[in-house]
Amino acid sequence: MEIRHLRYFTAVAEQGSVAAAARKLNIVQPALSRQIHDLEEQLGTPLFERSVRGVQLTSAGRQFLRDTTKLLADLDAARERALRAAAGLEGSLRIGISPNHTWHPLILQRLRRFQRAYPNVALMLESSLSPQQLSHIKEGRIDGGFVALRDPGDTELAGVKVLSSGLLLAVPSHSPYARKPPLRLRDLKDEPCVWFPRERSPVYHDYLIHQCQRAGLSPRLVQIGADVATTLGMVAAGMGYSIVSEVSRYNSPKEVVLHPHRDLPDVYDVELVMRADVDHPVLAAFARVMSTAGPREAKPG
């Protein structure tokens, strides 16, 4: 049984005549009659009662018409969904995002814009740090992720820039440096510093250490936070200062004061990263929105 048999049967049932159905389908009447006969042979029961006035559905035919109508409608809908998915208008995405970027206003604005433009795409955000995201992207466990400071020589991956971020000095609100930061970072050499384990994010860890060394600072690491949220919490508790991403200003505790500093001038890109060899129309549409400024997009500040 083929789909054309179902469409031929439906046409004959709707027209009440093989001749009228043949004209509608633009095929010759004997060929259509053979197709209907073949369908009845495959089902093992007559679908029509024939007379000189045309054809009428049998009880089996009436039930088969109900089922066939639903089946063809589902098939047409499936075809439409497939075409929409091919155009990036429908489907699903699994995207990784670090906790530090979850509340960034630019990312939130673009996520809302994507939802408005592609309401039939199911978007799932999974919280994880950049190194974990990169592994999950390569393994196919997620489709892409918001990643900072990846290895540009990794040819398995491709990325589009979403935003740029700098670094800020984070101090407790009751610190002497809360109102005015030290003139040079090296002035903090004797102050306790809250850091994080290198294995959590080696590239970002080394980037921060390089910024400190360039400023003549060797941080006195006395406290270790598992992630940025924990680090900021420890700074808020007065356990020391830290150097954090500029995006931390959007989810930092009120007990933490964040200062830009002349010894932290560099910026780095946050990208939407995906596998370089994947052809994914929905992901491509998501990447276009996330890397393109909207007409009313507020500048983060």
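The structure is a predicted model, in which local features need pLDDT of at least 70 and side-chain atom pairs count only at pLDDT 80 or more, while totals for chains, interfaces and linings use all residues. Residues are numbered from 1 along each chain as its sequence is written, and side-chain values use heavy atoms, with hydrogens and water left out.

H2 spans residues 18-25 and H3 spans residues 29-43; they pack at an angle of about 110°, with their axes 9 Å apart. Here axes are lines fitted to C-alpha atoms, for helices over the stretch in contact, and angles run from 0 to 180 degrees between N-to-C directions. Helices (H or I, at least four residues) and strands (E, at least two) are DSSP runs, numbered from the N terminus. On the H2 side, the contact (heavy atoms within 4.5 Å) is made by Val-18, Ala-19, Ala-21, Ala-22 and Leu-25, and these meet Gln-29, Leu-32 and Ser-33 of H3. Sorted by class, this contact holds 6 nonpolar, 2 polar and no charged residues. Nonpolar here means Ala, Val, Leu, Ile, Met, Phe, Trp, Tyr, Cys and Pro; Asp, Glu, Lys and Arg are charged, and the others, Gly among them, are polar.

Turning to the cysteines, a disulfide was taken as a pair of cysteine sulfur atoms within 2.5 Å, and the count by this rule is 0. For Cys-193, the closest cysteine sulfur is that of Cys-212, at 6.7 Å, which is too far for a bond. Cys-193 is buried (under 20% relative accessible area; exposed is over 50%, and partly exposed in between, with a 1.4 Å probe and protein chains only), with a relative accessibility of 0%. Cys-212 is likewise buried, at 0%.

S7 (residues 167-172) is joined to S10 by 4 bridges, and Leu-168 has Val-244 in S10 as its bridge partner. Within H8 lies Ala-229, which is exposed at 55% relative accessibility. Ala-229 and Ser-252 are 23 residues apart in sequence, with 7.8 Å between their C-alpha atoms.

Methods
Two strands pair if DSSP finds at least two bridges between them.
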